[in-house]
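Keep the viewer open and follow along.

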Amino acid sequence: DSAGRLTEVLNEQSSRVQELRSQLSSGSGSKPVAAPELALEVQALQEELRLALIREKENHEERRNQAGQLDSLSRSLNVKDEMIRGFQRQLVDPSDLPLVERLTQEVQELREILVQQDAPRPDGGQPKFGGGHQKGMGLCL
């Protein structure tokens, strides 16, 4: 939008400069204008054009920087989006879940075995594998 407006202003100013030059060279115009006044007006228009070109270059550089930032943010967003999709897939179908369930089941079975071993036997004998020194292990598992 600003580039289009700048082009429009540049075109208007260029045609005005052309008109002033033709008035200077022909010495005639719609109104009599002194040469020093025309020279000052041409100089002012040239300065305005120079400043407009500087602004256009600055705007172009700013748009280029913004495009680079946008590209960087887009790449970062895509990486994070892919990570989120990966986490969502793990939640839906976690590959490690069977292993965790199996290990949890094994721990539960070992706890039950320890409880059974520490329970008093109906025949009054000691549990297999020694005395009650394994009671504390049930808390660790």
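Arg50 is partly exposed, with a relative accessible area of 42%. Keep in mind that this is a predicted model, so every value here is computed from predicted coordinates.

Which residue does Arg50 pair with in a salt bridge? The partner is Glu47, and the closest N and O atoms of the two sit 2.5 Å apart. Glu47 also counts as partly exposed, at 36% relative accessibility. Both residues belong to helix α2, and because they are 3 residues apart there, about one helical turn separates them.

## The overall layout

Zoom out and you'll find 4 helices and 0 strands. Going along the sequence, the pattern reads α-α-α-α. How much of the protein counts as buried? Of its 141 residues, 13% do.

## How α1 and α2 meet

Now for a helix pair. Two packed helices are described by the angle between their axes and the distance between the axes. Helix α1 covers residues 2–26 and helix α2 covers residues 35–92; their axes come within 10 Å and cross at roughly 160°. Angles over 145 degrees count as roughly antiparallel, so that is how α1 and α2 run relative to each other. The crossing itself is left-handed. As for what lines the contact of α1 with α2, its residues split into 13 nonpolar, 5 polar and 6 charged.

## The nonpolar core

Which residues make up the largest nonpolar core? There are 5 of them: Val17, Leu20, Leu38, Val42 and Leu45. Helices α1 and α2 each supply at least two residues of this core, and α2 gives the largest share, with 3 residues.

## Charged pairs across and along helices

Side chains of opposite charge can pair when their charged atoms come close. How many salt bridges does the structure hold? The count is 8.

One of them joins Arg16 and Glu41, with 2.4 Å between the closest N and O atoms. Arg16 lies in helix α1 and Glu41 in helix α2, so this pair ties together parts that are 25 residues apart in sequence. Are these two buried or partly exposed? Arg16 is partly exposed, at a relative accessible area of 41%. Glu41 is partly exposed as well, at 27%.

Glu61 and Arg64 are 3 residues apart, about one turn of the helix. Glu61 counts as partly exposed, with 35% relative accessibility.

Last stop: which residues are linked in a network of salt bridges? Asp81, Glu82 and Arg85 are.

Terms used:
Residues numbered from 1 in each chain as written. Predicted model: local features only at pLDDT ≥ 70, side-chain atom pairs only at ≥ 80, totals over all residues. Heavy atoms only, no water. Axes fitted to C-alpha atoms, helices over the stretch in contact; angles between N-to-C directions. Parallel < 35°, antiparallel > 145°, perpendicular 65-115°, else oblique. Left-handed = near helix turned anticlockwise from the far one by under 90°. Nonpolar A, V, L, I, M, F, W, Y, C, P; charged D, E, K, R; others polar. Salt bridge = Lys/Arg side-chain N within 4 Å of Asp/Glu carboxyl O. Buried < 20%, exposed > 50% of the residue type's maximum accessible area, 1.4 Å probe, protein only. Core = buried A, V, L, I, M, F, W, Y, C linked by side-chain atoms within 4.5 Å.
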